[in-house]
Amino acid sequence: MTNFLFSEQSIKAIIFDCDGTLVDSEDAHLSAWRKAVENRGHVLTFEQCLLYTGKPATFIAKLIAEAIGHDNSEDILSEKRSHYRELHQQGLPPIQGTVEFLKRLAADKERLNLKLAVASAAPKDEILSNLRHLGIEEHFDIILSGQDDLKEYSDPEGVNKPKPYIYLHTAKLLNVLPSECVVIEDSTTGVLAGMAAGCITIAVPNEFTKMQDLSEASMKIENLSSFSVDHFLQTVSAAGKK
């Protein structure tokens, strides 16, 4: 018997980032960037990789092009994606604690009248492939890509994270308010997007993002593996009231 009365609180949806949150893809992404840079006679250091983690791929490509004096960022991005596809086809491992927690949420979503979604900056085909490989695609009501599903939004600075549009659009499609959503993110970029959208935003960093500035998040949790669903909802509800 739980002490948590879900009807008395306002969380109606949990929205997960994908890369670095559900799937352990950061190492594969960084290996692919390194390969593209090495083929142009340069070296991408681990420290540089950490600075790029969590940022949109087009933005990373521009930063790398400027850093190595290359005049075509699209060329770098195209090659990076080719290398990443090779690694991706082998199957990427889960962020185990978060995936296990997701499965507990999915088992309880009907009891709690919760909706579940993925909102990722990655291309849609990559997101779907990752979720299918992990066997969790069917748990989600909505799966959105910041690269492919935000055509109705216009912003001269771009519409992908750290802009809030993907979380605003996810809430709209779920028919809930952003303030009724909990966002689970691993990076500064994702945290800024979730907070700007008005969502309760929980930072769960991984090895590559644990040194990033996550101070804007509603709260930071090192690992979700120890949380029951009710304990999590109690904890984040309290964080959202601060």
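# Reading a predicted chain, feature by feature

Trainee: Where should I begin with N113, and is this residue buried or exposed?

Mentor: N113 is exposed, because its relative accessible area is 62%; by the rule used here, buried means under 20% relative accessible area, exposed means over 50%, and partly exposed lies in between, with a 1.4 Å probe and protein chains only as cover. Before going on, please note that this is a predicted model, in which local features need pLDDT of at least 70 and side-chain atom pairs count only at pLDDT 80 or more, while totals for chains, interfaces and linings use all residues. Residues are numbered from 1 along each chain as its sequence is written, and side-chain values use heavy atoms, with hydrogens and water left out.

Trainee: Where does N113 sit, and what is its phi angle?

Mentor: N113 belongs to the loop between α5 and β2, and although it is not a glycine, it has a positive phi of about 55 degrees. N175 also has a positive phi, of about 65 degrees, without being a glycine, and it is placed in the loop between α7 and β4. N175 counts as exposed, because its relative accessibility is 68%.

Trainee: How many helices and strands does the chain have?

Mentor: The chain holds nine helices and six strands, where helices (H or I, at least four residues) and strands (E, at least two) are DSSP runs numbered from the N terminus.

Trainee: What share of the contacts joins residues at least 24 apart?

Mentor: A contact means heavy atoms within 4.5 Å, and among contacts between residues at least 6 apart in sequence, 64% join residues at least 24 apart.

Trainee: Which residues touch the most other members of the largest nonpolar core?

Mentor: A nonpolar core is a set of buried Ala, Val, Leu, Ile, Met, Phe, Trp, Tyr and Cys residues joined through side-chain atoms within 4.5 Å. The largest one here has 39 residues, and I14, F140 and F232 touch the most other members. The elements that give it two or more residues include β1 (13-16), α1 (26-38), β4 (181-185) and α9 (229-240), while α5 supplies the largest share, six residues. Leaving aside neighbours within four places in sequence, F232 is in contact with I14, F101, V182, I184, I221, L224 and F227. Another core, of 19 residues, lies apart from the largest one, and L144, L150, I166 and Y167 are among its members.

Trainee: Which residues does H139 touch?

Mentor: H139, in the loop between α6 and β3 (142-145), touches L102, K103, A106, K109 and L116, once residues up to four places away in sequence are not counted. H139 is buried, because its relative accessible area is 18%. With residues up to four places away not counted, K103 touches I136 and H139.

Trainee: Where is T209, and is it buried or exposed?

Mentor: T209 is found in the loop between β5 and β6 (219-220), and it is buried, because its relative accessible area is 0%. Not counting residues up to four places away in sequence, T209 touches T53, D186, S187 and L214.

Trainee: Which peptide bond is described as cis, and what is its omega?

Mentor: The bond from K161 to P162 is cis, with omega near 15 degrees, and P162 lies in the loop between β3 and α7 (165-174).
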